[in-house]
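Please look through the sequence and the model below before reading on. The paragraphs that follow go through the structure part by part.

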Amino acid sequence: MRKSLRVAGLAAACTVAGAALYATGATGAASADQARPRPTEEPHNIGLLVGEIDEYYGAAKGADGVWKSSPDSPYAKDLARIQAKAKKDIRKAARHPHGGHGKKPAIVLDVDDTALLSFDYEKSTNFTYNNDSWDAYVKAAKRPAVFGMPELVAYAKRHGVEVFFLTGLAESQREGAVTNLAKAGYKTQLDRTHVFTKNKPNPPAYLSHCATPDAWKCDTVQFKEGTRKHIESTGYDIIGSFGDQVSDLAGGYADRTYKLPNPTYFVG
């Protein structure tokens, strides 16, 4: 379930700001279902928090009316540090291409705010989420790439690592997502065996423990964990899983996980 900055009342994020928000998200492993204590002090002021998020992203509105993040921002610098570590890990894994498992190495990337940046949507909607406006935004296929991620994918490909995308976007949003990934510079296979969406009308058999055509009961962790397990069952060893939410990464079936910064919303 996606909770916007305002709709969620900021949850635990109200107690921290800017890069500190990222640091908390990067190291925290709390479940979305974990009870949160009622704050004993006044929460962080929401107006100030929005300003700090703007500074973190280096927010600027272009002449075209689109909100952009700066490549010199603290956000971009945090991404670069994570990506540098991931490249070292990829290079190391590539020296032992079967990882001792007899399987081909692979990485798995979330899409929203891991591969494609939706900062313009968050700013334009004042950090609130609406199904219809989000659907139109995704299908417009105009999002920029998250800084450095197309280069990381290209690096992985050069080292013989397969690339998969695993997103909570609906099957009906597949075309928009795939078109956008290609436009944003992801030069890798983007077919149905490499891009996994949330197909509620016709869920795959490997999610039968929580999803049928009559009832989708998979939460984010179950959906992504089950899909990574499926990918590994087809002959791959997932050497790295990338996401901007803790729920993108929980559940195992990845040798390493990489939490990218995103203080603008929460997905449990």
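**A walk through the predicted model**

In strand β9, Tyr 236 is the bridge partner of Lys 104. The model in which this pair is found is a predicted one.

In general, the strands of a sheet pair through backbone hydrogen bonds, in a parallel or an antiparallel way.

Two packed helices are described by the angle between their axes and the distance between the axes. For helix α3 (residues 74-95) and α6, the angle is about 10° and the axes are 10 Å apart. Angles under 35 degrees count as roughly parallel, and α3 and α6 are therefore roughly parallel to each other. On the α3 side, the contact is made by Gln 83, Ala 86, Lys 87, Ile 90 and Arg 91; on the α6 side, by Met 149, Leu 152, Tyr 155 and Ala 156. By class, the residues of this contact of α3 with α6 are six nonpolar, one polar and two charged.

Helix α3 packs with helix α2 (residues 46-57) as well, at an angle of about 55° and with their axes 5 Å apart. That angle makes α2 oblique to α3. Here Glu 55, Tyr 56 and Tyr 57 of α2 meet Pro 74, Tyr 75 and Asp 78 of α3. The contact of α2 with α3 has four nonpolar and two charged residues, and no polar ones.

Tyr 57 comes up again in the surroundings of Phe 119, which is in contact with residues including Ile 53, Asp 54, Tyr 57, Trp 67 and Asp 113. Phe 119 itself lies in helix α4 (residues 119-124). Is Phe 119 buried or exposed? Its relative accessibility is 2%, so Phe 119 counts as buried, the cut-off for buried being under 20%. The C-alpha atoms of Phe 119 and Val 146 are separated by 9.8 Å, and these residues are 27 apart along the chain.

Buried residues are also found in helix α7 (residues 174-183): Arg 174, Gly 176, Ala 177, Val 178, Asn 180 and Leu 181. They pack against α5 (131-140), β5 and β6. After α7 comes Gly 185, whose phi is positive, near 105°.

The last stop is a covalent link. How many disulfides does the model have? The count comes to one, formed by Cys 210 and Cys 218, whose sulfur atoms are 1.9 Å apart. With 80° about the S-S bond, this link of Cys 210 and Cys 218 is right-handed. Cys 210, at 7% relative accessibility, counts as buried, and Cys 218, at 8%, counts as buried too.

Conventions: Residues numbered from 1 in each chain as written. Predicted model: local features only at pLDDT ≥ 70, side-chain atom pairs only at ≥ 80, totals over all residues. Heavy atoms only, no water. Disulfide = S-S within 2.5 Å. Buried < 20%, exposed > 50% of the residue type's maximum accessible area, 1.4 Å probe, protein only. Pairing = 2+ DSSP bridges. Helix = DSSP H or I, 4+ residues; strand = E, 2+ residues; numbered from the N terminus. Axes fitted to C-alpha atoms, helices over the stretch in contact; angles between N-to-C directions. Parallel < 35°, antiparallel > 145°, perpendicular 65-115°, else oblique. Contact = heavy atoms within 4.5 Å. Nonpolar A, V, L, I, M, F, W, Y, C, P; charged D, E, K, R; others polar. Lists of a residue's contacts leave out its neighbours within four places in sequence.
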